[in-house]
Amino acid sequence: MYQRIAVKVGSNVLTKADGTLDVTRLSALVDQLSEIHASGIEVILISSGAVASGRGEMHLAKDRIALLDEVAQRQLFSAVGQAKLINRYYDFLREHHIPCGQVLCQKENFTSPEELKNMRSCIEVMLRHGVLPVVNENDVVSITELMFTDNDELSGEIARMIKADALVILSNIDGLYDGDPDDPASRVIPEIAAGADVGDYIQQKKSSAGRGGMQSKCGTALRVAADGIEVLLARGTRENVLTDLVFKRKDVPHTRFAPRK
């Protein structure tokens with residue numbers, strides 16, 4: 001049984017096709033997080049969805065969006081969307097009597113020993129007092145060149161920092177396939193050995209709402225597994241996928257990146 005896990009949920013899991021927040025799916029995710037929390041397992045959530053949520057909230061016309069550069073768009077949408085996203089988590093978790101806290105960070109926080117120590121201490125004290133940390137990158141102040149590639153990379157840093165037993169990456173795909181996921185003949189690879197070369201299996205596609213792709217997810221998974229942390233990659237839109245994986249209730253399709261001993 002795990003004692004501490006990090007869970008990363010991607011933008012395409014939490015947003016609808018029109019870019020608005022999928023409140024029903026977010027509520028279902030919180031139900032699963034709450035059950036895991038109630039079992040005594042410490043959970044740290046790395047949640048995407050702020051930019052997509054803000055974009056759906058603003059309803060800006062395309063000609064007005066075109067006037068903003070990429071950085072300005074991310075700053076605007078994330079500032080609006082982060083407030084909406086954390087409020088949703090707060091409301092849903094409160095129904096389960098679980099307090100949550102927001103942790104916004106930048107890539108440079110992981111290169112400064114002092115800042116890394118402070119962030120780790122903050123998360124540790126939250127966990128000791130039963131608070132569920134909700135982590136995201138602070139897109140409002142991040143500069144493009146210094147941003148994480150995506151929240152996959154951020155989740156890997158968080159998992160290593162807090163010494164998690166496992167990192168669960170919930171995406172819009174069942175796992176790493178042995179071919180093109182759109183090909184009916186392709187199958188999900190159930191397990192990747194520590195240090196394995198998966199380059200031949202990675203499709204160069206990115207999700208519509210998020211910044212990451214399978215290359216980023218696999219790169220993060222291999223680095224985290226090399227530090228002795230188990231990584232599970234699965235489709236976040238499957239019903240009860242998180243609790244099924246954590247409690248091993250059902251054999252749901254996923255790829256496990258075996259940790260180095």
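Of the 261 residues of the protein chain, 51% count as buried in this predicted model.

Turning to the overall build, the protein chain holds nine helices and eight strands. The radius of gyration is 18 Å, close to the 18 Å given by the globule rule for 261 residues, so the protein chain is as compact as a globular protein of that length. Taken along the principal axes, the box filled by the C-alpha atoms is roughly 50 × 45 × 35 Å. Contacts also link parts of the protein chain that lie apart in sequence: among those between residues at least 6 apart, 75% join residues at least 24 apart.

Helix 3 (residues 50-58) and helix 5 (residues 70-94) have axes that come within 6 Å and cross at roughly 95°. Angles of 65 to 115 degrees count as roughly perpendicular, so helix 3 is roughly perpendicular to helix 5. On the side of helix 3, the contact is made by A50, V51, S53, G54, R55, E57 and M58. Helix 5 contributes R74, L76, F77, S78, V80, G81, Q82, K84 and L85.

Key
Residues numbered from 1 in each chain as written. Predicted model: local features only at pLDDT ≥ 70, side-chain atom pairs only at ≥ 80, totals over all residues. Heavy atoms only, no water. Axes fitted to C-alpha atoms, helices over the stretch in contact; angles between N-to-C directions. Helix = DSSP H or I, 4+ residues; strand = E, 2+ residues; numbered from the N terminus. Parallel < 35°, antiparallel > 145°, perpendicular 65-115°, else oblique. Contact = heavy atoms within 4.5 Å. Rg over C-alpha atoms; globule rule 2.2 N^0.38 Å. Buried < 20%, exposed > 50% of the residue type's maximum accessible area, 1.4 Å probe, protein only.
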